[in-house]
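Q: Please take a close look at the ligand site with me, and then follow on to the contacts elsewhere. I would like distances, areas and cut-offs wherever you have them.

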Amino acid sequence: MNWKGILKKLKEYPAIVGFVGIVIFFAFLSDRFLTLSNFINVFRQVSIQAIIAFGMTLVIISGGIDLSVGSVFALSAVVMASVLKGGSVLLGVLVALLVGALLGSINGVIVAKGKIQPFIVTLATMAIARSLTLVFTQGMPITGFPSSFRYIGRGDILGIPVPVIIMFGIFAIIFYISMFTKLGLYTYAIGGNETAAKLSGVKVDKYKIIIYMLSGLLSAIAAIILTARLNSAQPTFGTGYELDAIAAVVLGGASLAGGKGTVIGTLFGALIMGILNNGLNLLNVSPFYQQAVKGIVILIAVLIEREN
Amino acid sequence: MRNIVKEFPGVLALNKVRFDLYEGEVHALLGENGAGKSTLIKIISGVYKPDFGEIYINGRKSFFANPTEAIQEGVATIHQELNLFEELTVAENIFVGNIKKFNISKSKMIKITDQLLKEFNFPIKASEKVKYLNTSEKQLVSIAKALSLNAKIIIMDEPTATITEHETKRLFEIIKDLKRKKISVIFISHRLEEVFEIADRVTVLRDGNYIGTSEIENISREELIKMMVGREIEEMYPKFNKISGEEIFKIENLEVGEYVKDVSFDVKKGEIFGIAGLVGSGKLEIALGIYGYLPSKWKQLILNGKKITPSRNMLDYGIALVPEDRKKMGLVLEMDVMRNIILQNTDEVSRFGKISWKKSKIIATEEVKKYAIKVSSIKQKVKTLSGGNQQKVVLSKVLRKRPEIIFLVEPTRGIDVGAKVEVYNIVNKLANEGVGVVFISSELPEIVSLCDRVLVMHRGRSMGILNKNKINQENILKLATGVDIK
Ligand SMILES: Nc1ncnc2c1ncn2[C@@H]1O[C@H](COP(=O)(O)OP(=O)(O)OP(=O)(O)O)[C@@H](O)[C@H]1O
Ligand SMILES: [Mg+2]
């Protein structure tokens, strides 16, 4: 491949370029940055956001949005925690997945059948799920779980943290779905032109429900990991996660108008956010500035996007 | 314009094309789908930059970096997709981008606009919101806008493709008026009758090459077609379907919202059944209603002996639809040709939800070949295909799975002569294979020549079904305007 070819390919994935650029930047400024242990650290920190963002990617490609991910995260965490207290790890995990998938499906059903804008639907379910979480826990954290459960958040295999392994597993699955399945093709089609998709025989409602269900399910998986890592489920879990997820997806090159975006882009979008956090911490930048830096990076990314 | 060259990735859209335009003339630009007509006018109007070549206006070398510059220099373009603000009034649309210069009150704006509209005899009101206008009226707004900017050259890309015959007449009156005011018009159309009616000269492109320019008096229809297609077309309206008399489709008392009331008809095996009517007569909604896209009800629908009740996925029963508006309803513009074709045919290439891209590629390549769709590769985004080739993609994806009955809504809109004949051939073949064919069109010549019976709609109701011996333009027009015939 010649230079031009490579450049063109890279333009399709601006997030990769941005990622590499930021890595080089921090590598110059901090000698603790470019080490294996630091990178593993970054990946572990990113894994939770990334998993949620993978689900959000499908939702956004389909032309929707899911603001409820953070609240779904919290509700599945606390419900699971109370089951875990009862003893069975397997049952607890299953319950968490069930809660996530159920809440996601409810989003999907209201969006698809009620023909209400996803922004509004998920804004409402975000509030409702958060409220349910607080009622359920009476505002108190639930702590102390079996060690076999904590392994999900703290264990590692051959030096790689379990959360990172789960993240890559889910990345592979969602990547596969988006590229090689009917669901993936339909997701792009619904986001690109819903009318044309419908007239082509795509069961739009059904697939929308599946897409939102997946988003809820992935939020629950992320919740399992965090709960295991902290050995505690807190009612304030997941606050603001929807914004991180949306940011990662948009950094990855998706358009909120739908029909565009990739899971690879999202992975790097999430990594950019993680690296920024990590790098700024290593440089001892005050956390007060960190949000602003993230915001600026997002704006720059979107401006570059529009140039293309 | 001299030596204009424009290359897109994988296609040479224009290869050393030249074009000239006199003051006050109507110059028609002809060519098959993908010949480069739209690309050429996009270069004139500053949308694209040519790779090579020069443009002169009044002997002065000109070059427009963007459409705004072109407009300032008096070159206005009415693209096929009209760019108007639906929520604004006619007057506001005309003044948008111009307001600073005038900086006037709303009422004055409406007064000035009404004057302008009156001067040119445009039957629209300045205070009307654009969203309440039909396509033809919106076109007039675009033209009025061009005139308000003192355009000297007005370019119209297939203005007649989406409007009725009557509205076309009105448009031509307006164009003649423009000529008298020394305004030049570049006019693109796939309808040769129109070209002979309105144009002074004609330039033909083929595959991005300049073929020739001629005074309209010095050229015959056949010669023109030959220049465009590169070969002779013997039969414009092939007809070789054989009716067997057996009934394959029947609907009684169809109602579609407020659009269609109490319509009944049946389609025989091998028959090409036509539906005609003016814009807004409900002829499109018949198809959308039966297909399940619009809420509808009926007393009885029988397809090949089976009774069918309204449902949302009529495709599963073998009822297929080629929708009217390919961009809004037919295609996912951001996706490539292959994915658009596969979208409606996933069951052929997928198992347990997994798509085989290998099979998809084979199918897409097959379809592209079968319908002679001009693409640089099956991975080309349909957004960048020429209008006619987009239409072929729609046809191919809908027809891939053989339906039991197909509703073709304006299937030849915007496609070239050669491709039209291909569509007619396909329609005949489908009928002979036993597929019920309902052909819905605003183009009377094709309805008259192709259909065995024609149902004519007027204001949501059927005015009657004409048998073959009664089908002619006059009868259809009478019924379509609500006049009974004996
Ligand atoms: N942006 C683009 N990117 C890539 N190819 C393009 C682009 N725009 C046009 N083309 C290609 O250039 C060729 C000429 O297209 P053009 O739209 O000018 O045809 P046309 O003569 O207007 O056809 P039609 O009658 O169907 O409207 C086509 O092969 C088309 O696919
Ligand atoms: Mg064109």
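A: What follows begins at the ligand and then moves on to side-chain contacts, salt bridges and a surface patch.

First, the ground rules: this is a predicted model, in which local features need pLDDT of at least 70 and side-chain atom pairs count only at pLDDT 80 or more, while totals for chains, interfaces and linings use all residues. Side-chain values use heavy atoms, with hydrogens and water left out, residues are numbered from 1 along each chain as its sequence is written, and chains are lettered from A and ligands numbered from 1 in the order in which they are written.

Let's start with the shell around ligand 1, which holds 21 residues (a residue is near if one of its heavy atoms lies within 4 Å). The closest are B:Asn33, B:Lys37, B:Ser38, B:Thr39 and B:His190. By type, the shell divides into six nonpolar, eleven polar and four charged residues. In that count Ala, Val, Leu, Ile, Met, Phe, Trp, Tyr, Cys and Pro are nonpolar, Asp, Glu, Lys and Arg are charged, and the others, Gly among them, are polar.

Now to the individual atoms. The side chain of B:Lys37 places an N or O atom 2.7 Å from an oxygen atom of ligand 1, and a polar side-chain atom of B:Ser38 is 2.7 Å from a ligand oxygen atom. From the backbone, a polar atom of B:Gly388 lies 2.8 Å from an oxygen atom of ligand 1. Taken alone, ligand 1 exposes 640 Å², and the protein buries 90% of that (accessible areas come from the Shrake-Rupley method with a 1.4 Å probe; for residues, only the protein chains shown count as cover).

Which elements build this shell? In chain B, strand S2 (11-17), helix H1 (37-44) and helix H15 (387-399) each give two or more residues, and H1(B) has the largest share, with three. Helices (H or I, at least four residues) and strands (E, at least two) are DSSP runs numbered from the N terminus.

Six of its eight residues are buried: B:Lys37, B:Thr39, B:Leu40, B:Ile41, B:Ile43 and B:Ile44. Here buried means under 20% relative accessible area, exposed over 50%, and partly exposed in between (1.4 Å probe, protein chains only). After the helix comes B:Gly46, which has a positive phi near 85°.

Next, a link between the chains. B:Thr346, in helix H13 (residues 346-349) of chain B, joins A:Tyr186 through a side-chain polar contact of 2.5 Å. A polar contact is a pair of N or O atoms within 3.5 Å; within protein, one must be able to donate a hydrogen and the other to accept it, and residues adjacent in sequence count only if both atoms are side-chain atoms. B:Thr346 counts as buried because its relative accessibility is 5%.

With a relative accessible area of 9%, B:Asp452 is buried. A polar atom of its side chain lies 2.8 Å from the backbone nitrogen of B:Ile272. B:Asp452 also forms a salt bridge with B:Lys239, the closest N and O atoms being 2.9 Å apart (a salt bridge is a side-chain nitrogen of Lys or Arg within 4 Å of a carboxyl oxygen of Asp or Glu). This pair links distant parts of the chain, 213 residues apart, with B:Lys239 in the loop between helix H9 (221-229) and strand S11 (247-256). At 32% relative accessible area, B:Lys239 is partly exposed.

The whole structure has 37 salt bridges over all chains. Among them, B:Glu366 pairs with B:Arg400 at 3.0 Å. B:Glu366 lies in helix H14 (residues 357-370) and B:Arg400 in the loop between H15 and strand S20 (405-409) of chain B, so the pair ties together parts 34 residues apart in sequence. B:Lys250 and B:Glu252 meet at 3.4 Å, N to O, and B:Arg191, B:Glu194, B:Lys420 and B:Glu443 are linked in a salt-bridge network.

Finally, over to chain A. A:Leu102, A:Ile106, A:Val109, A:Ile110, A:Ile116, A:Phe119, A:Ile120 and A:Leu123 form a nonpolar surface patch, with about 670 Å² of accessible area together. Patches are made of residues with over 30% relative accessible area and no salt bridge: like charges are joined within 9 Å, nonpolar side chains (Val, Leu, Ile, Met, Phe, Trp, Tyr) within 5 Å. Helix H5 (89-114) and helix H6 (118-137) each supply at least two of the patch residues, and H5(A) gives the most, with four. A:Ile120 lies in H6 of chain A and counts as partly exposed, at 45% relative accessibility.
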